[in-house]
Amino acid sequence: MRKALSVKQFNEYIKSSLKHDPIFQNLHVKGQVANYRISHEHLYFSLKEGDDIIDCVIYYYIDKDINTSFDTGDEIEIYGNLLFNNYSSRLVINITKIEEFGISEDYKIFIKLRENFQKKGYFDSDKKKEIPKLPKNIGLITSKDGAAVEDYLNVINQVPNDITVSFYPVKVQGKNSIYEIIKALDYLDKKNLDLLVITRGGGSKEDLNVFNSPEIVEKVFSLKTPLISAIGHKIDQTLIDLVADLSLQTPTEAASVTVRNYSFLLRDIDNIYTKILKAYRDKLYLSDIKLSFLKKDLYKFDPKNLVKKRIDDLNELNKSFEKQILDMLNTEKNKLNILAYRLKSIKKMLDIEKNKIQIKDMEGREIFSKFSLKKGQDIKIIFSDGEVLAIVKDE
């Protein structure tokens, strides 16, 4: 049995075979330009004929004397050699010369279809249905094998919502996919959903060519359910992008648009909750103030408190009366004491006056000794309250 080749040996064998084959080293191929792009100073595109396709590259195209004025859809002839990429296992033509022939027949067909549908008004903005702000029931049309389903649902599940997704798997490239997509659109449109989303995870322009189908354009235009298309990059615009109610680039972007208002709703709910909470706290604060005043009024007008206040008032009044009476008694007592003092003083004066008796002769001379008197002599005895005449009877 022959020994198995390693992967490296296998790739090197292919590269060596291509390098030594004169046909592959002197290629002259014509076809339609597709997937035109520039990256890191290199120009990449594909040549196609029907469903067949081959990748091409011009490395450091700015420094090369090669005509690069062509664009997607142009018919060109290229000269170059075939290369094999070890890392991607892809064959690519390294171009050394280009001759341009003009727009290809396939691209002319695309332009004619676009113009016809545009004249019919299929792309008019006033005929597009409004995308619901908070869709609840969504129909998703894409391949079950691609990453589009996972990408779309991952974004949907990042935001709290009540969305239900009805998934209808279809092929998203090849002629047979046209009828699967139309069937999916027709089926989901009858379910009265809020929104339809048709998407895929990118691909070459040729992979997306199914979405230029006139049958699909007609079906999308007749839908009663709003439709979002997200089937490729903007540079790869298809007819379904033009007829859809909203055209986006990727499944992730389609999902973001679907749930963005749920994000706003959550933010608005938080804002409303904050406002309600503040209003409640303010009202509670005012209620506390009112309650404190009511408590004061309740205490003030409580019968028990009123009776107590009356009792306290009576006690204070009684104390006041007692004080007034005591004050009056003390005043009268003081008056009596003063009167008694005065009477006592008068009595003393009277007593003094009683003891103060003068004896005078008729001429008014004061007599101090009995030896100054003569028997039968007239004298005056003067008292405090008057005088009397007397006659001395004895010596």
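Which residue of S13 is the bridge partner of Lys 380? I looked it up, and the partner is Leu 389.

**Before going on.** I noted that this is a predicted model, where local features need pLDDT of at least 70, side-chain atom pairs count only at pLDDT 80 or more, and totals for chains, interfaces and linings use all residues. Residues are numbered from 1 along each chain as its sequence is written, and side-chain values use heavy atoms, with hydrogens and water left out.

My names for strands and helices are DSSP runs numbered from the N terminus (helices are H or I, at least four residues; strands are E, at least two). Two strands pair if DSSP finds at least two bridges between them. S12 and S13 belong to an open sheet of three strands, in the order S11-S12-S13, with antiparallel pairing. At the edges I found S11 (358-361) and S13 (386-391), each pairing on one side only. From one strand to the next, the twist averages 30°. For such angles, axes are lines fitted to C-alpha atoms (for helices over the stretch in contact), and the angles run from 0 to 180 degrees between N-to-C directions.

**Entry 2, the five-strand sheet.** Next I looked at an open sheet with parallel pairing, its five strands in the order S7-S6-S8-S9-S10. Why is one side of S7 and of S10 left without a neighbour in the sheet? S7 (164-169) and S10 (246-248) stand at the edges and each has a single partner strand, so there is no neighbour on one side of each. Here the twist averages 20° from one strand to the next.

I then followed S9 (residues 227-230). S8 (residues 195-199) pairs with S9 in the parallel sense over four bridges. Leu 196 stands opposite Leu 227 in S9, and Thr 199 stands opposite Ala 230. S9 and S10 also run parallel, joined by three bridges, and Ser 229 stands opposite Ser 247 in S10.

Are the faces of S9 covered or uncovered? Both are covered: Leu 227 and Ser 229 are buried on one side, Ile 228 and Ala 230 on the other. Buried means under 20% relative accessible area, exposed over 50%, and partly exposed in between (1.4 Å probe, protein chains only). I kept a reminder that in a regular strand the side chains alternate between the two faces of the sheet.

I turned to H5 (residues 177-189) and H6, whose axes come within 10 Å and cross at roughly 5°. That makes H5 roughly parallel to H6 (angles under 35 degrees count as roughly parallel, over 145 as roughly antiparallel, 65 to 115 as roughly perpendicular and the rest as oblique). H5 brings Ile 178, Ile 181, Ile 182, Leu 185 and Asp 186 to the contact, and H6 brings Glu 215, Ile 216, Lys 219 and Val 220. Contact means heavy atoms within 4.5 Å.

In H6 (residues 214-222), I listed the buried residues as Ile 216, Val 217, Lys 219 and Val 220. They are on the same side of H6, because they cover an arc of only 165° around the axis. The arc is that of the directions from the helix axis to the C-beta atoms.

Last, I checked His 28, which has its place in S1 (residues 27-39). His 28 counts as partly exposed, because its relative accessibility is 45%.
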